[in-house]
Each structure stands twice: as C-alpha cells, then as structure tokens.
Amino acid sequence: MAGADRNQRSVRHIVLVAAAMFGFGYLLVPLYNVFCEITGLNGKTGRIEEAEVAASYRPDPSRTVTIQFVASNSAGMPWNFRPAVATMAVHPGQLYATYFVAANHTGRRMVAQAIPSMAPTRAARYFNKTECFCFNQQPLEAGEEKEMPLRFIVDPRLPKDIKTLTLVYSLFEVTGRTASR
Amino acid sequence: MSTATATYDEHHEHGPDKGLIRWITTTNHKDIGTLYLVFALIMFFIGGAMAMVIRAELFQPGMQLVDPQFFNSMTTVHALVMIFGAVMPAFTGLANWLIPMMIGAPDMALPRMNNLSFWILPFAFTLLLSTFFMDGGGPAGGWTLYPPLALQMGDGFPFMIFAIHLAGISSIMGSINVIVTILNMRAPGMTLMKMPLFVWTWLITAYLLIATMPVLAGAVTMLLTDKFAGTSFFNAAGGGDPVMYQHIFWFFGHPEVYILILPAFGIISAIVPTFARKPLFGYSSMVYATASIAFLSFIVWAHHMFTVGMPVVGELFFMYATMMIAVPTGVKVFNWVSTMWKGAMTFETPMLFAIGFIMMFTIGGFSGLMLAIAPADFQYHDTYFVVAHFHYVLVTGAIYSIMAATYYWLPKWTGNMYDERLGKIHFWLSTISVNVLFFPQHFLGLAGMPRRIPDYSVQFADWNMVSSIGGFVFGASQLLFLWMVIKAIRGGEKASDQVWEGANGLEWTLPSPPPYHSFTEAPAIK
C-alpha cells in the first residue's frame, strides 16, 4: 500500500529528528563550556603559562585593584580551609603570589578538588593564573596541613569601573574519584 | 466506559473485543482517545489530592500536618503528575479522538504504536508514584530536578528518572502519530489551510515535542550518570556546572509550557465561533501566530533563570525575546474577541469555559509579562507570584480548555447531552473558587512569600487561609465534573448529529456517537 510506505518514510524522518535532538542535548555540554570560557560566564577564571606573562602584559602601576579571597567548603567537606590573606591590593599586569591553607583534621587520607569562581563574573576572563592548587587534585594525609600556592595576574584590559574582584575557592571532596579533567 | 458501541452490530467482524481485553489490545483511535482521557482524569485527581495536602499545610502558619520533606515531595510530584500525567495525556486523548474525525481520516496513521504509546503511561506513573514507598521518599527537589538537590533523593531516584524517560517516550510516539496522521491521512481536498485550528495547533505542538522531549531525556540521563556512573556533567568538583543543567532543562522547559497551551488555543478557536455563530476571525493569522509562538519558545529559555548571574546583555536579550511572545499571543486574544464581536452569542457550558479561559489566561499572560522584566524578576523569582502566574495559565488556561473541550465534544463522543444545569454550576463554582485560590497568591508573592516552603511568617497568614479555602472549594467542585462525565456516559438526553446549532466541521457530520470505524471512505470536502 502506497500510504503505508509514505507513513513509514515520515516516521523514519521524525525518529531521526528526535534522535538528533537527544544528541543535541549532549552537544549543549561542550558548547556551554566553550561559551563560558570565551565569555568568562559563571566566573570561570583563566590559566596562562608563566613564560607568556612578560610578552603579554605590561604592569600598570597607576591603577590599583583590590582582590578579596574567600574560601568555602562544599557540603560534607570537613577540612579547615582559609586564605592566607583576606585581601590584596594589586596592579594590573603584574604577577603576584599568595596561598591558601588547608588542614585535614580527620583521621583519614582525603583528596580534594578546589573550584574557583569570580565575582563580578564579567571580570573572570581578565583574571589569569600561572599556578594554582585548583589545577590538580590535592591529597592530604590524616592531620596534615598544607600551604596551597596561587600565582596570578590581572589583565590590564580589565574594565575601568571594576575596582574589586572577589575570588572564591570551593573545596569538594573527591577521594576515590579519578580526575576527569 | 464504552462510548462507541452503537453501531458495531452491523459490522460485527470489525467491532471491538468484549471486556477488558478490548482496552488492552485496541488500536482504535476512539478507544485510545478514551483511555488517554480517563487516565488523565485519574491523574488529575491524584495530582489534585496532592494540591489539597499542600493547601491544608499552608492553611495556617507553622507546621501542622506533614513534615517538610513530604511537603516538598507533594509540590514536586503534584507538578510532575499534573504536567506529564494530566494535561499532556488529556491533550493527546483529545488529539486521538478528534484529529481523524476532523480531517476525514479512518484512524490514526500508526494504530499499533498508538496503543503502545498509551500503555507506557500507566507504567511510567506507577514508577513515579512508587517512590513514595521507598527509602528517602518521593522526589522533593522541585519538578525541575535541579542538581545538586535532585541528586540527594533517596532510593527512588532512578525510578523517577525512568518514569520521566517512559513518559517522554510515550509523548514522542504520540507526536509521531499526530504528525504522520496530519501530513499523510487528510481527506482529499483537506488542504493544510483548511484544517481546523485544533489540528494545526496540535501539528505544531507535536513538532515542539519531537524537538524538546529528547533534550529532557538527555538532561535526566546526565543526572542519572552523574549519580551512578561517576560522570561530572553537573558536578563542580569534576569540572561540571550545575547551572548548565538549568540551561539544558529550560531549553526543554520553555517549549514545554507552549506544548501545554497551544492545543488549548486550538480548542478555544473551535468553541468560540460555534457559540458566537460566526466564522473564526483571522484564521490564517491564528496559524501564523501559533507558528511564531512555537519558534520564539526556543529562544527565551533563560528568562526562567535571570537570577543565576547572567551578563546584562543576556538578560536584555531574553527579556525582549520573551516580551515579543506577547505579540502573537495578543493576536490570538484579539481574534477570539473579534469573533465574538456582534455575534449571536449563547452561553452554554463550553462557551462559559472558553470565555473564562480567554479572561483568565490573559491575566496569566500579563503576570508573565511582569516576570519577563529582568530587573523586576529579581523580586518575583521563586515567590508565590510565580506560582500564581503559572497556575493562571495552566489551571484557568490549559485545564479550562480541556474542560471546555470535554463539555463541547462529550455529546458527540457519547451521544448523550451532559447536564447543562450542573455544567453551569460547575463553571461558576470553579471560576469563583479558582480566583479565590490563586489571585491572593499574587499578593503573597509580591510581599515576598517564597514558594516550596511548608511554613511562612505570620504576615502571610490571612491570604494563605483565603487561598486554601478557595483551593478546597475548587477541589471539591471537580467531583461535580467527574459525576457529570459519568452521568453523560451512562445516558441522558440524546444529542443530535450536529449537537450545537453553530458547530461546523467534519466531526459534526458523523452520527452521535460516531460509529466505531468512521470515514472508512474519505468524505467530500467543500
């Protein structure tokens, strides 16, 4: 019957569309990540190699920006986690170093992953790190305390109206999970 | 329950099986339409019972009846049941009953798949409701299932996810059937621009379903693998982002709200001309308005998440895109009002519900415009104002249209008139109580009462009590509706073939009730 053939052809087309849309749902994941990296959306800060710093940036001593450091534990994370200094006054284009302190007061070895976030979010893409404890998972033995280093540089192209940046690190327990990225 | 048995004796070999097996094995569009509608009605009362628990707990400030976890599972499952179990199956049921009769087709294009797509649903909702008896209880993180909260659900979590998968598969199959039927099975001469608007709106709705349901399936699958397979789509510790879930979810979620309302536009566009005794004003503009709403629905999703921390440019884009939807929607309301203008109107129950729809859906539309204003939304976000808004568009919008449709086509389906006096009582009781129920929630929301919380500060007490009283009356009025439907199925004054004096369309040329197999030969289209 010609009608049945036509129906089957229509069904094949529509099923194909549905399958493609299922794939599109997954495609949104890399699209979203690329979009956030380009725009700095959701406070995703950047990374830069130390060797490139001198070539890319020139310090701007006429301008001072305040950086506030905040440490936060995600639900169920028992470590003591705090920034070494609460605020720093920095010149854009110059490399600075500071550190956070993490202490594992539990009786077992634990592994943590720190996730950065920046406010205001539109400043995030002007904040670059050459070294960060957030680049890797951080193991601490039972009772161990450790200084976790951070080296960063603020891009001089940071919009003029931004005078204060807040950098938050949230600590997540990832013991027993392998690094996925 | 049998509504289509009048003439099967003449064609005994084609008649339905006897008893229960008829309903399990049936491939007849009228039987399957009935199954969908009965299922939707059952789910409407289950979801309604949950709403009664919510309103009872909120009757007074303080914790009265249920514990907070159970309260939150009530709000969550109420939404899931009403959206996926009541409104969507009711529309699919109407599509099954009406589309073949409206376009002069003998049945749906894919009858066996039709049977399967219905029979998946009872299993889906058994899975969903069974989570209440598991360790950790039912889903309680809101129907949007935002991680990480949704991932904290107990043993029932995979059951809920699979329930959503099944309901999604069911509605995708239903949509495939609708599209194929409309594209391939129209009677000769029934061109696209001659189709009744209910058929048009369903065609567009079906495309929306095909495009968005798989995205929801993907999103909940990601939740599932995040919980059990160690992926990190939404887990910040693994490099994922919980906000991304909101983007993916609302990419489905916003078209979904039009899935819940476009068929309603089709129903109202059928009823208003009948009782105004005038042809529909601006038929082609209605078609184009529906298509534009469907298109715009894909580019406005982030207005559900203005407060997540978007750049100003993003907020402006989504704000203006959202406001643009008011234009085609305004065209529709204008056309319905113009259809009534200088018409010879009568106010039988379907018309009352249709006019109630136009009035109250518009109220919901206006509160939607208020919510679309990004800077103002920071105040309204997650308050009872949002609850009032979407209940105006879903209860007095979608549900009212389904009730209007039931009153309008029930005499055709059963061959018996419903009780007009009771129908009018049902309308007025419902309309007064639903406004007592939801209108004060606007005030509560503007005053800052958050949604999804079982307790509230005392300054919200008065309007909550008023709202709860409205809720109980509205809930009880629906028992009247149930009684009327049962009464019309069992008997009553016989309906003529045309049923309504001003009714136009192929379904009214069939006998009431229509034979089990109708339009086995294509009708002539003028």
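What share of the contacts in chain B with a separation of 6 or more comes from residues 24 or more positions apart? The share is 82%, where two residues are in contact if their C-beta atoms, placed from the backbone, lie within 7 Å. The structure is a predicted model, in which local features need pLDDT of at least 70 and side-chain atom pairs count only at pLDDT 80 or more, while totals for chains, interfaces and linings use all residues. Residues are numbered from 1 along each chain as its sequence is written, and chains are lettered from A and ligands numbered from 1 in the order in which they are written.

Chain B holds 16 helices and zero strands; these are DSSP runs numbered from the N terminus, helices being H or I of at least four residues and strands E of at least two. Along the principal axes, the C-alpha atoms of chain B fill a box of roughly 65 × 50 × 45 Å. Buried residues make up 55% of the 526 in chain B (buried: 20 or more other C-beta atoms within 10 Å of the residue's own; exposed: 12 or fewer; partly exposed: in between; C-beta atoms are placed from the backbone).

Now to two helix pairs. Helix α2 (residues 29-57) of chain B packs with helix α4 (residues 111-130) of chain B at an angle of about 15°, their axes 10 Å apart. Axes are lines fitted to C-alpha atoms, for helices over the stretch in contact, and angles run from 0 to 180 degrees between N-to-C directions. Residues of α2(B), including Phe39(B) and Met43(B), meet residues of α4(B), including Phe118(B) and Phe125(B). This contact comprises nine nonpolar, three polar and no charged residues (nonpolar: Ala, Val, Leu, Ile, Met, Phe, Trp, Tyr, Cys and Pro; charged: Asp, Glu, Lys and Arg; polar: the others, Gly among them).

Helix α6 (residues 197-228) and helix α9 (residues 283-296) of chain B also pack at about 15°, with axes 10 Å apart. Among the residues that meet are Trp200(B) and Ile204(B) in α6(B) and Met286(B) and Val287(B) in α9(B). Here the classes are eight nonpolar, two polar and no charged.

Thr231(B) lies in the loop between α6 and α7 (242-259) of chain B. Thr231(B) counts as partly exposed because it has 17 C-beta neighbours inside 10 Å. Beyond its neighbours within four places in sequence, Thr231(B) is in contact with Thr225(B) and Asp226(B).
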